[in-house]
Amino acid sequence: MRIAVIGVGHVGLVSAAAFARWGHDVVGLDDDAAKVATLRDGRAWFHEPGLQELLDEVVAAGRLTFTGDPTEAIPGAAAVFACVGTPPNEDGSPNLAYLEAVARTVAEHATGDVVLVEKSTVPASTGRRLEQVIVREQARLGSTHRIEVASNPEFLREGSAVEDTLHPDRIVYGTSSDAARDVLRAVYAPVVAADGCPVVETDVATSELIKHASNAFLATRISFINAVARICEQVGADVQVVADGMGHDPRIGRAFLSAGLGYGGSCFPKDVDAFAHLARAVGVPFRLLDEVRAINVAQRDHVLDKLRQELWHLDGKTVTLLGAAFKPGTDDLREAPAVHLARALLAVGARVRAFDPVAHVAIAAEVPGVEPHDDVHAALHEAHAAVVCTEWDEVVALSPEDYLRALAYPIVIDGRNAHDPAPMLAAGVRYHSVGRAAAPREVG
Ligand code: UDX
């Protein structure tokens, strides 16, 4: 099948490469000329494990090409996947202007019947809006091809996006006709045959809701355990053991119950806000989600409180952020707790260094004033405190002696519970983590 993928970002590029691996003939379309040029050179423009190898394979096989020209991508495609960004507006609603532009492009360039598939996370009812745009554009252009809108949310995680896409735990698509459903069936037939993963075939609005509800639910689990962690700190309990104890109940499970600095990334923060916004817009306010967000923000502020408790004034102090990316295995800084902390620390006059194996230069560009480091020991040298923001291997491997040797004051705020508290405290590190009983004695 011939497939066009519009928007070759984290979702679009990985999806396009997977479609090509499954034997389809795929064109990636993007209006960012620099990205297209890099991809035409055969290089992925962002870091994602396994992506470069997959691109090498499918590009060499001639099944994936890239262009900035819609006339090279849309004509002849049976399915067009919209993977463009939906950045948040001021009020938390997603900006759907790029998606609308995709609908116009498809209406203009389709040369036969085509299914326009939303892969970007969009509010339920976006499908109807896109149909409206297409109908108007086709009337204007005198086009009579059947263009149907379908929803096919992705559930890939950054850092394991290739694996998640090639071996999905479920495939969800919503369509409004048998013809569109058959196109989606054909797209995924190879992976369903090979992997036997469950397929949920439904209508467009239900498919959109599955994505909203899944991400909001996962974010809720993280905020739930972070709220429990704060209580653990007050009553002398250990949140990791609490989560283990809860997780043995198969109705609960252990996943997404790791307390820490909270969720970041391009999805959860935006999706929680977008779902809350949608709920308000349809007259059913989902106040739980407002609280999920508030707890997430409070986790970062809590780190600043701990730093103040240890260092008193932060003005003039040097703080090393260990990890910049929103989680290990990615160079993505979107909504990364480290970025928020860096801004907050600089605003109160602290000097900020950031170690990250892949995103050190990017955070210095994103937050002017941050000193980038790709060597963890150099980053710690003579700093007054360290804050673990991302559990990269290089950070997890740091021993109490590493901290004691390098830091001016041996203060470590572990925002990801990356270390074992007992050896840290026994060695004399002033070690604080999230929701774990063991903490250093008051100074003096
Ligand atoms: C997420 C969803 O998992 C994925 O299904 C969806 O398609 C996109 O959004 P991603 O943003 O790549 O994927 O990251 P994920 O691994 O889910 O982690 C999100 C954030 O939550 C990270 O900042 C991570 O550090 C944090 N997290 C995760 C916790 O704080 N605690 C946990 O227990 C799990």
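Which residues in α9 meet which residues in α10?

**Figure 1. Length of helix α6 in the predicted model.** Helix α6 comprises 16 residues, residues 126-141. At 1.5 Å a residue the helix should span 22 Å, and its end C-alpha atoms lie 22 Å apart, which agrees. After α6 comes Gly142, with a positive phi near 70 degrees.

**Figure 2. Buried and exposed residues of α6.** Thr126, Gly127, Leu130, Val133, Ile134, Glu137 and Gln138 are the buried residues of this helix. Viewed down the axis of α6, they fall within an arc of 125 degrees and so line one face of the helix. An α-helix has 3.6 residues a turn, so residues three or four places apart point the same way. On the face of α6 turned away from the buried side are the exposed residues Arg128, Arg129, Val135, Arg136, Ala139 and Arg140.

**Figure 3. Packing partners of α6.**

**Figure 4. Crossing of α9 and α10.** The axes of α9 and helix α10 (residues 239-247) come within 9 Å and cross at roughly 130 degrees. This angle makes α9 oblique to α10. The crossing of α9 past α10 is right-handed.

**Figure 5. Residues in contact between α9 and α10.** From α9, the residues concerned are Phe224, Ile225, Val228, Ala229 and Cys232. In α10 they meet Val239, Val242, Ala243 and Met246.

How values were computed. Residues numbered from 1 in each chain as written. Predicted model: local features only at pLDDT ≥ 70, side-chain atom pairs only at ≥ 80, totals over all residues. Heavy atoms only, no water. Helix = DSSP H or I, 4+ residues; strand = E, 2+ residues; numbered from the N terminus. Expected span 1.5 Å × (residues − 1). Buried < 20%, exposed > 50% of the residue type's maximum accessible area, 1.4 Å probe, protein only. Arc of directions from axis to C-beta. Contact = heavy atoms within 4.5 Å. Axes fitted to C-alpha atoms, helices over the stretch in contact; angles between N-to-C directions. Parallel < 35°, antiparallel > 145°, perpendicular 65-115°, else oblique. Left-handed = near helix turned anticlockwise from the far one by under 90°.
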